[in-house]
Each structure stands twice: as structure tokens, then as C-alpha cells.
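Me: I am new to this structure and would like to go through it step by step. Could we look at it together?

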Amino acid sequence: MSKPEFTAGLNIAMKIPKAQYEATVAFYRDTLGFDVKEDDVSYAPTVSRTHSVRFGPNTLWLDCVDNYSRPDLWLQLHTDDLDAATSKLAGIGIHPCDEVEPLENLDSRTHWIKNPAGVVHLLAESSGSRSPGEASQ
């Protein structure tokens, strides 16, 4: 099995409780003056609305999650070999947790994982991969 390479992805998802969603979108759009666009959420059944924000070279996804009580931050990783990466991570006790947010209609090979502190990461195979939300961009 090859040794997988890991690189940072360009997507950051901020999962926001419904009660704070509009104020958070307004903060980035109105207070900070960022370009904020509402996007399709059909790929993520746990997200009721999403807005994308150009955040330097990254895209910050503001995801409204109706049943959350506190905000959460999720990050994206890429790997050149998903199978080898999953195997390497399993060796240190990090296993896929794809149940955190089922993804539909994606052409890429992905797994959700959590780092030892519990921060969620989307691990996507980089060859021909597409990040959540990019299908509708």
C-alpha cells in the first residue's frame, strides 16, 4: 500500500444554529463586507440553508443546521489515495464517521473523519474530486 499524502483543502464549513444563522450571515455580508451568496444544499440533507463566502483563498460555508445548539467548525483535507489514508488513520484510531452528514450526488470519493479533539474533517480524494457545494457552483 502506498504512503498517502495529505494536503489542506480550500473549504471551511461553519455549522450554525438556526437561531444565530441570519445574524451570522449579516455579519460577514454587512459588517465585514464580504461577498456572500446563497447556495444549493441538496447535497447535504442535515443543512437547511447555506451561504458561501470568499475568505481569502478559501471558501467559508455558512451552514444553517436546525438542530444544533452551538456552532461548530469543519475543515477539508485532500489525499492522493483515500484507501491508504483511511488505513493509515485507522492505525492511530481515527475511523470514518460518515454518519455525521450524509453526502449525496457527489462524484468524489470522500469520508468524514474527526481529529483527536473531535473536529470534523472532510477527507476527499484529490484526483478528480469535488467538494461539497461545488456541484452547484
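Strand β4 and its neighbours

Me: Which strand does β1 join, and do the two run parallel or antiparallel?
Reply: This is a predicted model. In it, strand β1 (residues 6-17) is joined to β4 by seven bridges, and the two run parallel.

Me: Which residue of β4 does Met14 stand opposite?
Reply: Met14 stands opposite Leu62.

Me: And β3, in which sense does it pair with β4?
Reply: Strand β3 (residues 49-55) pairs with β4 in the antiparallel sense, over seven bridges. Within β4, Leu60 is the bridge partner of Val53.

Me: How many residues lie between the strands in the hairpin of β3 and β4?
Reply: Two residues lie between them, and Gly56 in this hairpin takes a positive phi near 65°.

Me: How many of the residues of β4 are buried?
Reply: Eight of the eight residues of β4 (residues 58-65) are buried, so the strand is largely enclosed by the rest of the structure.

Me: Which residues of β4 are on each side?
Reply: Asn58, Leu60, Leu62 and Cys64 are on one side, and Thr59, Trp61, Asp63 and Val65 are on the other. These residues are all buried, and both faces of β4 are covered. In a regular strand, side chains alternate between the two faces of the sheet.

Me: Changing topic: is Cys64 buried or exposed?
Reply: Cys64 is buried, with a relative accessible area of 3%. Buried here means under 20%. Cys97 is buried too, at 8%.

Me: How many disulfides does the structure hold?
Reply: The structure holds zero disulfides.

Conventions:
Residues numbered from 1 in each chain as written. Predicted model: local features only at pLDDT ≥ 70, side-chain atom pairs only at ≥ 80, totals over all residues. Heavy atoms only, no water. Disulfide = S-S within 2.5 Å. Buried < 20%, exposed > 50% of the residue type's maximum accessible area, 1.4 Å probe, protein only. Helix = DSSP H or I, 4+ residues; strand = E, 2+ residues; numbered from the N terminus. Pairing = 2+ DSSP bridges.
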